[in-house]
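Here is a short note for your review. Please read the points against the coordinates.

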Amino acid sequence: MKDVPTYLPSGTILPCNLPREDVRDVFICPTAGSLAELQAGSIVGSASLRRQSQILYRYPSLKVINFRGNVQTRLRKLKEGEVHATLLAFAGLKRLGMIQHVTCLLSTDEMLPAIAQGAIGIACRSNDDKMAGYLAALNHEETRLAVSCERAFLETLDGSCRTPIAGYAFRDKDGFCSFRGLIASPDGTRGKFKLLESLTWLWILSSEAVLWDFCMPTAL
């Protein structure tokens with residue numbers, strides 16, 4: 001879901017999300033145990049502006065370069081020494097059965113995930129009630145609500161995978177919806193985090209207006 005466009009084609013809806021996988025990013029490096037252990041000037045490979053901005057915000061002595069390819073290609077480039085380290089989504093590695101490459105997991109405090117990271121969605125035609133009924137049996141409502149909240153934040157900011165925006169909505173221990181969002185500059189010199197709490201899942205479900213106000217950029 002993290003690469004699904006903010007605006008869907010006309011006549012298409014996303015009524016179903018499967019249970020969400022782990023949302024965290026992972027640090028992969030053959031010589032250091034964490035980002036903090038990398039020497040000044042070390043090169044981190046990432047094609048994500050979201051990751052780049054957060055790395056440089058916390059570790060301005062590091063260098064981040066564009067690093068593309070599928071998971072296997074990136075791991076090969078890392079092994080060949082093109083970069084000293086890289087970051088990937090833990091969910092993707094788990095689904096590929098490749099978690100043995102993980103050096104360490106990054107907490108959401110250290111690396112806020114991409115919008116809808118770790119979630120799988122199923123789309124259908126907006127006028128296909130029969131299919132919508134089938135998908136309702138597969139839907140994990142807590143995931144759907146979290147993804148809807150995060151995507152509304154992205155839509156309000158008119159963001160995409162080419163902008164350094166991050167966000168994570170989750171149910172806290174009291175049953176409330178907590179949301180943490182990030183808007184940053186690609187070089188990490190400017191960033192704005194905001195933790196918004198006290199919206200119940202019921203409120204989000206019952207009121208699109210509440211969801212919209214919750215994600216207005218003026219609240220950041």
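1. Two terms come up at the outset. Buried means under 20% relative accessible area, exposed over 50%, and partly exposed in between (1.4 Å probe, protein chains only). Strands (E, at least two residues) and helices (H or I, at least four) are DSSP runs, numbered from the N terminus.

2. This is a predicted model: local features need pLDDT of at least 70, side-chain atom pairs count only at pLDDT 80 or more, and totals for chains, interfaces and linings use all residues. Residues are numbered from 1 along each chain as its sequence is written, and side-chain values use heavy atoms, with hydrogens and water left out.

3. Start with strand 2, residues 25–28. D25 and F27 point one way, V26 and I28 the other. All are buried. In a regular strand the side chains alternate between the two faces of the sheet.

4. Which strands pair with strand 2? Pairing requires at least two DSSP bridges between two strands. Strand 5 (residues 85–89) is joined to strand 2 by four bridges, antiparallel. There, L88 is the bridge partner of V26. Strand 6 is joined to strand 2 by two bridges, also antiparallel. There, C104 is the bridge partner of F27.

5. Check the backbone at A116. Its phi is positive, about 65°, although A116 is not a glycine. A116 is found in the loop between strand 6 (104–105) and strand 7 (121–125). A116 is buried, at a relative accessible area of 1%.

6. K77 lies over the face of F67, at 5.8 Å from the ring centre. The criterion: NZ of Lys or CZ of Arg within 6 Å of the ring centre and within 35 degrees of the ring normal.
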